[in-house]
Amino acid sequence: MAAETFSIHVLDTVLADLTRRLDATRWPDELEGAGWEYGANLAYMQSLAQYWQNGYDWRRQESLLNQLPQYRIALDGLNIHFVHVRGKGPAPLPLIITHGPEASSG
C-alpha cells in the first residue's frame with residue numbers, strides 16, 4: 001500500500017450547490033436571552049453563513065492548501081488524506097490532525 005500524491009480540487013458544481021443550500025437556509029427563531037446556552041447564537045450562525053456565501057474565497061484557499069505536500073492512502077477501507085511536512089529544529093514533535101471520512105467531490 002503506497003501513498004499517492006494528492007491535490008484538492010472542489011468542483012464548481014459542488015461550490016454552487018453549497019451556495020444554493022446556504023441561500024435556502026431556513027433560520028429558526030431564537031430563544032430570547034438564551035445566548036449560547038442551547039447551541040450556537042443565531043446572529044453568529046447567520047454571520048458565518050453570510051461569510052461562506054460572500055466572503056470566503058475557496059479557490060484562494062484551495063491554491064494555498066495545494067502548496068503543501070499532500071497525499072492520500074487507503075487504510076482499512078478508508079481514504080486518508082494527509083499533509084507531510086517534516087518538523088524543524090533539534091527535536092521536532094510529530095503532529096497528527098484527523099477529520100471525518102473523505103467525501104466525494106464529484
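This is a chat about selected residues and contacts in one predicted model.

Trainee: What should I know before I start?

Mentor: The model is predicted, so local features need pLDDT of at least 70 and side-chain atom pairs count only at pLDDT 80 or more, while totals for chains, interfaces and linings use all residues. Residues are numbered from 1 along each chain as its sequence is written, and side-chain values use heavy atoms, with hydrogens and water left out.

Trainee: Let's begin with Gln-70. Where does Gln-70 lie?

Mentor: Gln-70 is in strand S2, which covers residues 70–75. Helices (H or I, at least four residues) and strands (E, at least two) are DSSP runs, numbered from the N terminus.

Trainee: Is Gln-70 buried or exposed?

Mentor: Gln-70 counts as buried because its relative accessibility is 3%. The cut-offs are under 20% relative accessible area for buried, over 50% for exposed, and partly exposed in between, with a 1.4 Å probe and protein chains only.

Trainee: Which side chain does Gln-70 join in a polar contact?

Mentor: The side chain of Asn-66, at 3.0 Å. A polar contact is a pair of N or O atoms within 3.5 Å; within protein, one must be able to donate a hydrogen and the other to accept it, and residues adjacent in sequence count only if both atoms are side-chain atoms.

Trainee: Which residues does Gln-70 touch, leaving out those up to four places away in sequence?

Mentor: Gln-70 touches Glu-4, Thr-5, Phe-6, Ser-7, Ile-8, Leu-65, His-81, Phe-82 and Val-83. Contact here means heavy atoms within 4.5 Å.

Trainee: Now the aromatics. How many aromatic pairs are there?

Mentor: Rings of Phe, Tyr and Trp (its six-membered ring) pair if their centres lie within 6.5 Å; planes under 30 degrees apart count as stacked, over 60 as edge-to-face and the rest as tilted. By this rule there are five aromatic pairs. One of them is Trp-36 with Tyr-44, a tilted pair at 5.3 Å centre to centre and 55° between the planes.

Trainee: Which residues form one aromatic cluster?

Mentor: Tyr-51, Trp-52, Tyr-56 and Trp-58. Tyr-51 sits in helix H2, residues 42–54, and is partly exposed at 42% relative accessibility.

Trainee: Which residues make the nonpolar surface patch?

Mentor: Trp-27, Trp-36, Tyr-44, Met-45, Leu-48, Tyr-51 and Trp-52 make a patch of about 710 Å². Patches are made of residues with over 30% relative accessible area and no salt bridge: like charges are joined within 9 Å, nonpolar side chains (Val, Leu, Ile, Met, Phe, Trp, Tyr) within 5 Å. Accessible areas come from the Shrake-Rupley method with a 1.4 Å probe; for residues, only the protein chains shown count as cover.

Trainee: And where is Leu-31?

Mentor: Leu-31 is in the loop between helix H1 (12–23) and H2. Leu-31 is exposed, at 53% relative accessible area. Leu-31 and Ala-43 are twelve residues apart in sequence, and their C-alpha atoms are 12 Å apart in space.

Trainee: Salt bridges next. How many salt bridges are there?

Mentor: A salt bridge is a side-chain nitrogen of Lys or Arg within 4 Å of a carboxyl oxygen of Asp or Glu. The count by this rule is five.

Trainee: Which residue does Arg-20 form a salt bridge with?

Mentor: Asp-17, with the closest N and O atoms 2.7 Å apart. Arg-20 and Asp-17 are separated by about one helical turn because they are three residues apart in helix H1. Arg-21 also meets Asp-17 in a salt bridge, at 2.9 Å, N to O. Arg-21 and Asp-17 are four residues apart in helix H1, about one turn of the helix.

Trainee: Which residues are linked in a network of salt bridges?

Mentor: Asp-12, Arg-59 and Glu-62. Glu-62 bridges to Arg-59 with the closest N and O atoms 2.9 Å apart, and both lie in helix H3, residues 58–65. Glu-62 is buried at 7% relative accessibility, whereas Arg-59 is partly exposed at 28%.
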